[in-house]
Amino acid sequence: MPLTARTILITGASRGLGLEFVKQIVKSSTPPEVVIAACRNPEKAVDLQNIAQGNPILKLIKLDLETDDDLESAFQETKAAVGDLGLNLLINNAGIYDKGKPGTLADISRESMQNHFNINVSGPIAVAQKFLPLIKQAASQSNVKKITPNRAGIIMVSSLMGSQQLTYKDGNGACLHYKCSKTAITMASILMARELKEAGIFVAALHPGWVRTDMGTSQAPLSPEESIEACLNVIGNAEEDVNGKLISFTGDILPY
Ligand code: NDP
């Protein structure tokens, strides 16, 4: 089943996977009525601006996850754009991975750990908290009573690098900053799914695969097109059995 959510917000939409989410969602066979592309600098987001020119359903908003400063204006602009529909789907995609140093015990700094936790954990949680009234609005209006991302949901883009079980297998002690932050956002997704189940809201952590973006590097096996086509298929078909799980772009439930 394709994604049928009528209103969708994607964070970190300026490039990489966020941009590809926007591209594929606006050109889908069942496009939503409103797509909000959130990014740090909408005025510099040329790719998004070009897509928006031919697609009136796409709206750009400013949302920097480093602080809460943009949250209120982002919320108000989204509320005005989605109107009575509320927000069906929040894709919390923005994230950082500083590859400047290995991120081992030998070189890690408190500042680097804090930056990764701020952008990769505290930021997405703050966004989910802020937009929750709009997501609840979408959930309560739906005729469908099942818990699915098409009705009302939050997708936290995480990584199998944050899976404790899978990380044990790679035998690699590096990436303390990134891996710990992704472990935390996966746990946050699990806890949020429990809290929001009563409200009919789906929450899952999503591993998009290793993808050729600035973060994933040119070594990665997947193109952004391949990753996001698969991710949208997984999101569009997700039901309660994967609520509160770490799911892969392949549709598999990953151990965390
Ligand atoms: P990129 O580095 O290519 O893009 C990161 C995006 O996040 C950019 O749009 C960037 O905006 C945005 N961003 C960074 N900092 C902030 C901030 N403070 N506030 C708002 N937005 C910010 O990464 P990917 O597209 O590859 O990654 C997207 C998500 O997928 C991340 O959460 C990542 O951890 C996850 N992931 C990626 C994998 C991969 O192989 N690529 C593998 C597993 C998970 P700007 O342009 O302004 O810098």
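**Helix packing and the ligand shell**

Mentor: Helix α3 (residues 71-82) and helix α4 have axes that come within 10 Å and cross at roughly 30°. Axes here are lines fitted to C-alpha atoms, for helices over the stretch in contact, with angles running from 0 to 180 degrees between N-to-C directions. Helices (H or I, at least four residues) are DSSP runs numbered from the N terminus. This is a predicted model, in which local features need pLDDT of at least 70, side-chain atom pairs count only at pLDDT 80 or more, and totals for chains, interfaces and linings use all residues. Residues are numbered from 1 along each chain as its sequence is written.

Trainee: Which residues make the contact of α3 and α4?

Mentor: From α3 come Leu-71, Phe-75, Thr-78, Lys-79 and Val-82, and from α4 come Ala-126, Lys-130, Phe-131 and Leu-134. Two residues are in contact if their C-beta atoms, placed from the backbone, lie within 7 Å. The contact of α3 with α4 holds six nonpolar, one polar and two charged residues. Ala, Val, Leu, Ile, Met, Phe, Trp, Tyr, Cys and Pro count as nonpolar, Asp, Glu, Lys and Arg as charged, and the others, Gly among them, as polar.

Trainee: At what angle do α4 and α6 pack?

Mentor: Helix α4 (residues 110-141) and helix α6 (residues 176-196) pack at about 20°, with axes 8 Å apart. The two are therefore roughly parallel to each other, a term for angles under 35 degrees. The residues in contact include Phe-117 and Ile-125 of α4 and Tyr-178 and Ile-185 of α6. By class, the contact of α4 with α6 has 11 nonpolar, five polar and one charged.

Trainee: And how do α1 and α2 lie?

Mentor: The axes of α1 and helix α2 (residues 46-54) come within 11 Å and cross at roughly 10°, which makes α1 roughly parallel to α2. In this pair, Leu-19, Val-22, Lys-23 and Val-26 of α1 meet Asp-47, Leu-48 and Ile-51 of α2.

Trainee: Changing topic, which residues come nearest the ligand?

Mentor: Gly-12, Gly-16, Gly-95, Thr-213 and Gly-216 come nearest, out of the 29 residues around the ligand. A residue is near a molecule if its C-beta atom, placed from the backbone, lies within 6 Å of it.

Trainee: Which element gives the largest share of that shell?

Mentor: Helix α1 (residues 16-26) does, with three residues. The shell has 13 nonpolar, 11 polar and five charged residues.

Trainee: What confidence does the predictor give the complex?

Mentor: The complex has an ipTM of 0.99 and a pTM of 0.98.

Definitions and conventions:
Parallel < 35°, antiparallel > 145°, perpendicular 65-115°, else oblique.
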